[in-house]
Amino acid sequence: MSKDAVNTAVAAPRSDAAQMPADAGDAGYSKDLKARHVNMIAIGGAIGTGLFLGAGGRLHNAGPALAIAYLVCGIFAFFVVRALGELVLYRPSSGSFVSYAREFLGEKGAYVAGWMYFLNWSTTGIADITAIALYTHYWSLFTDIPQWVLALAALAVVLAVNLISVKIFGEMEFWFAIIKVATLVAFMFVGIFLLATQHEVGGQTPGLDVITDHGGVFPHGLMPVVLVMQGVIFAYAALELVGVAAGETAEPEKVVPRAVNSIMWRVGLFYVGSVVLLALLLPGSVYSADESPFVTVLSKIGVEGAGDVMNLVVLTAAMSSLNSGLYSTGRILRSMAMAGSAPKFTARMNRSQVPYGGILLTCAVCVLGVGLNYLMPSQAFEIVLNVASLGIISTWVIIMICHLLFVRRAKAGLVTRPSFRLPGSPVTEIVTIAFLVAVLGLMWNDPEVGRKTLLLIPVIALMLTGGWFALRRRVAAAEARELTDLTK
């Protein structure tokens, strides 16, 4: 419902989340996600393909300074998730930020937020199936199988699992996250052991000399570090899943603050810590975009099968990311469909209360990614990574704008902020938005991929505009029905 409709329908100030007008798209869901599910979904969102595969190419291009990029982007990612967490406690919704955009920015804002998020996750899904195919090619048994065939098989398996029930999704993500965290912790212990014992890695003694003897922290200057920023943001892209999952948990007020607050130490430990270790073990030039940096290290320490084990784990991480993408877009598209801004079939749910229509639409786009793997197997991952960055940057900007408007309404006495709050508002939101826009603009300095990605913005804007004019009557009709129901 638009902000104007809400203001008209609600005469008295709202001080309780339960009193707020419910998003029509929230009806019909089970509340089967437990606290452990949401906590591990948050952890799993922070550890995915962007770290396990993407860090290899970024280390090659930016060197050890990649750790600084992860730290800076991680701080702003925390601000975004903290703002979203406050909105979730104000009013939990499976439509998440799309529902909040509808309330604070109106139907146009929700329309843009939803479709840009769909762009993010559908292209991320392509990146995930590409990563799965690349990981699988690591084993000689699968080398002769075309990359696109492996990508299609992975998509089919995850689709089947996602359609069963939200409880099965939660269990899968719980164990996927356990595997990822345990493996990263084990790798860090191995890395620290290699440093402490000065054990050779690939014929070279690890330590600070690995950095100083190969160009220092910024071996290629500052610009490569700046250029990898959008890829680093992509690595954090699933953190907002906490907001979506909160709509299917019985106690969001207990679960969400704990999950959000733990993000900061995860960023420091898993991202920054891992990259620092990788930089101390091998020169950046040894890593590549075609292989996980963790696999690169473990394959060079002389432990038979170490690379195979790590490759299996990062394969699991990519499957987890794809699973999460199908989950979140299914819920977001259903929220939009109930408001008239997405195809009607995306509102459909199966007997297990899973919005299968939206999930199938996301899969359809991922099938196009299978074609991309057929036509351009060597460039598929980087291409979709940059397009996905457009989606996630716009999503994060919209979350911060919604939070700004929410705080403004709270100051006007129209709503009550929960005790769990984003610190430093409104400065925090403004600085975060400025940073995200700057990252987007700096992509112009990358003529190979970044500049071409930015040139897609007018195309996307044109498509969004055309779609809005095609759907606006249906959106207005849905808004009128919801307003009628609210005032009965």
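**View 1. Val415 in the loop that joins α18 and α19.** In this predicted model, Val415 belongs to the loop between α18 (380-411) and α19. Val415 is buried, since its relative accessible area is 7%, and the cut-off for that term is under 20%. The C-alpha atoms of Val415 and Tyr90 lie 8.7 Å from each other in space, although 325 residues separate the two in sequence.

View 2. His403, a residue of helix α18, is buried, with a relative accessible area of 0%. Its side chain is joined to that of Glu429 by a polar contact of 2.8 Å.

View 3. Helix α5 covers residues 66-90, and its 25 residues should span 36 Å at 1.5 Å a residue, which agrees with the 36 Å between its end C-alpha atoms. The helix is mostly covered, with 20 of the 25 residues buried. Arg91 is placed in the loop between α5 and α6, and because its relative accessibility is 5%, this residue counts as buried. The side chains of Arg91 and Glu103 make a polar contact of 2.8 Å.

View 4. With neighbours within four places in sequence left aside, the contacts of Ile233 are Cys73, Ile392, Ile393, Trp396, Phe435, Leu436 and Val439.

**View 5. The buried side of helix α7.** Helix α7 (residues 147-162) has 16 residues, and the distance from its first C-alpha to its last is 23 Å, close to the 22 Å expected at 1.5 Å a residue. The buried residues in α7 are Gln147, Leu150, Ala151, Ala154, Leu155, Val158, Leu159, Val161 and Asn162. These residues are on the same side of α7, because the arc that they cover around the axis is only 165°.

**View 6. Helix α16 and the glycine after it.** The 33 residues of helix α16 (residues 306-338) reach 49 Å from the first C-alpha to the last, close to the 48 Å expected at 1.5 Å a residue. Since 29 of these 33 residues are buried, α16 is largely enclosed by the rest of the structure. Gly340 follows α16 and has a positive phi, near 90°.

**View 7. Confidence along the chain.** The mean pLDDT of the chain is 80, and 85% of the residues reach 70 or more. Confidence is highest in helix α19 (residues 427-442), at a mean of 93, and lowest in helix α1 (residues 3-9), at 41. The pLDDT is below 50 over residues 1-21, a stretch that has 42 contacts in the model beyond near neighbours in sequence. Where pLDDT is low, the predicted coordinates should not be read in detail.

How values were computed:
Residues are numbered from 1 along each chain as its sequence is written. Side-chain values use heavy atoms; hydrogens and water are left out. pLDDT is the predictor's confidence in each residue, from 0 to 100. Helices (H or I, at least four residues) and strands (E, at least two) are DSSP runs, numbered from the N terminus. Contact means heavy atoms within 4.5 Å. Buried means under 20% relative accessible area, exposed over 50%, partly exposed in between (1.4 Å probe, protein chains only). The expected span of a helix is 1.5 Å times one less than its number of residues. The arc is that of the directions from the helix axis to the C-beta atoms. A polar contact is a pair of N or O atoms within 3.5 Å; within protein, one must be able to donate a hydrogen and the other to accept it, and residues adjacent in sequence count only if both atoms are side-chain atoms.
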